[in-house]
Amino acid sequence: MKKVLTIIAFVALWTLPSQGQNWAEFVSTIEKNNLTIKALRDAANARQLANKSEKLLSDPSVEFGYFWRTPSSIGNKKSFSVRQGFDMSTITGAKSKMVKALNVKTEAEYRAKRIEVLLEIERVGIELYYYESVLQHLTAQLNNAQLLERSYAKRLESGDISKMVYNAARSNLLKVTTDYKNVCIERDALLSRLEVLNGGNEIKLVKPELLLPQDFDSWVQQVAEKNPALENALAQAESDRRRLTVNRRSALPSLNVGYARESSPAEKAEGLVVGLSVPLWSGRNQVRQAKAAVEASEAELMQTRLDVEAHLRLLYEKATSLQQLAMMAEKEIVEADELNLLRKAVEAGEISIGDYISLAHVQYDLLKQKESLWRDYRIVTAELLSVEL
């Protein structure tokens, strides 16, 4: 019994809200420590560096020749040349623009994955706060169940009640204690996950304060373009358009400029070398493939725009309904001293132990339902507002 009371005291201390920190700061603190986000940032930087290699010129070529001539009296011949190719897609800057588009796409992909991690942080934090709230209600249930069991134990000793009535109080204590421990298990698992997301560091939980936009239509116009799915679709369409331009330029002949020198015992010659490389085979079908990719990405972009706005509106309407239900439940449920009044009533003989157990469990179910509604509202609202992260 003392052990259970010690656990209750610990939970009461642990669940005190963190002072001086709001929900946004709470999430930001974990983001700074999150190793997955750091790895995603490093990987994105590496991909952007790799993208830059696509705008570079082809490597220069160097040749050296040594020729044995007949008759040997005229001496052997040596040649040396260095050449550099210049393709039209590089000269015109088409490749540089394509690389910029690819880097924007890489950044959009990074942001989408970052938001996934931040949403997990928010979901775990919201779930943890839910279980902490449930634990507070269960603590009151457990306190009253313990007091009632002790009271009935004394009455059993004095012969005031039967063993059957005492067993009912004892069974109620066992059930509430089991519920309490099960919720503690769930709470501890979420707490461990939150610490992992925080880079293995402990963190103080704060209340998830998430507010819906007052005017959805004006809000969605401002933030829709920030949606990760839409950002990625826009970046994909732009990079495909830039690649089409590059492929068109690459289908044009490329210029080769260089220096060449030939020498023998009797003579020496040197000068500039200019040539053309005509892509008869290597560029075949590349332009048509790029056109098809552009058409596909633009069609996907149009569909993504519709999907994003519809999904955001659905989330907003769902969050609004959950908020209304939670506020209604908040008004209807009066928790203060009700359990104590029930316990005093059963001890005074005004109601039976069965009535007490039934009413206490109904009250707990209603409180748990209220906390569930707030939890669901916060999770949906967090997903809705994730475009602003």
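The structure is a predicted model, in which local features need pLDDT of at least 70 and side-chain atom pairs count only at pLDDT 80 or more, while totals for chains, interfaces and linings use all residues. Residues are numbered from 1 along each chain as its sequence is written, and side-chain values use heavy atoms, with hydrogens and water left out.

## Overall form

The protein has 11 helices and 4 strands, where helices (H or I, at least four residues) and strands (E, at least two) are DSSP runs numbered from the N terminus. Its radius of gyration is 36 Å, well over the 21 Å that the globule rule gives for 389 residues, so the protein is more spread out than a compact globule. That radius is taken over C-alpha atoms, and the globule rule is 2.2 Å times the number of residues to the power 0.38. Along the principal axes, the C-alpha trace spans about 135 × 50 × 35 Å.

Of the 389 residues, 40% count as buried; buried means under 20% relative accessible area, exposed means over 50%, and partly exposed lies in between (1.4 Å probe, protein chains only). Among the contacts with a separation of 6 or more, 82% are between residues 24 or more positions apart, a contact being heavy atoms within 4.5 Å.

The protein carries 52 positive and 51 negative side chains, and the centres of the two sets lie 8 Å apart. Here Lys and Arg count as positive and Asp and Glu as negative, without His and the chain ends, and each charge is placed at NZ of Lys, CZ of Arg, CG of Asp or CD of Glu.

## Nonpolar cores

A nonpolar core is a set of buried Ala, Val, Leu, Ile, Met, Phe, Trp, Tyr and Cys residues joined through side-chain atoms within 4.5 Å. The largest such core has 64 residues, of which Phe26 and Trp219 touch the most other members. Several elements give two or more residues to this core, including helix 2 (23–33), helix 7 (216–223) and helix 9 (286–332). The largest share, 16 residues, comes from helix 5. A second, separate core of 12 residues includes Leu148, Leu342, Ile353 and Ile357.

Ala101 is found in helix 5 (residues 94–157) and, at 6% relative accessibility, counts as buried. Not counting residues up to four places away in sequence, Ala101 touches Ala235, Glu238, Ser239 and Arg242.

Tyr129 also belongs to helix 5, and its relative accessible area of 21% makes Tyr129 partly exposed. Apart from neighbours within four places in sequence, Tyr129 is in contact with Leu205, Val206, Lys207, Pro208 and Arg378.

Arg187 has its place in helix 6 and, with a relative accessibility of 5%, counts as buried. Glu31 lies in helix 2, where its contacts, leaving aside neighbours within four places in sequence, are Ile37, Arg114, Leu118 and Ile121.

The table sets separation along the chain beside C-alpha to C-alpha distance for pairs that involve these residues.

| Pair | Apart in sequence | Apart in space |
|---|---|---|
| Ala101 and Val346 | 245 residues | 73 Å |
| Tyr129 and Arg187 | 58 residues | 8.6 Å |
| Arg187 and Tyr130 | 57 residues | 8.9 Å |
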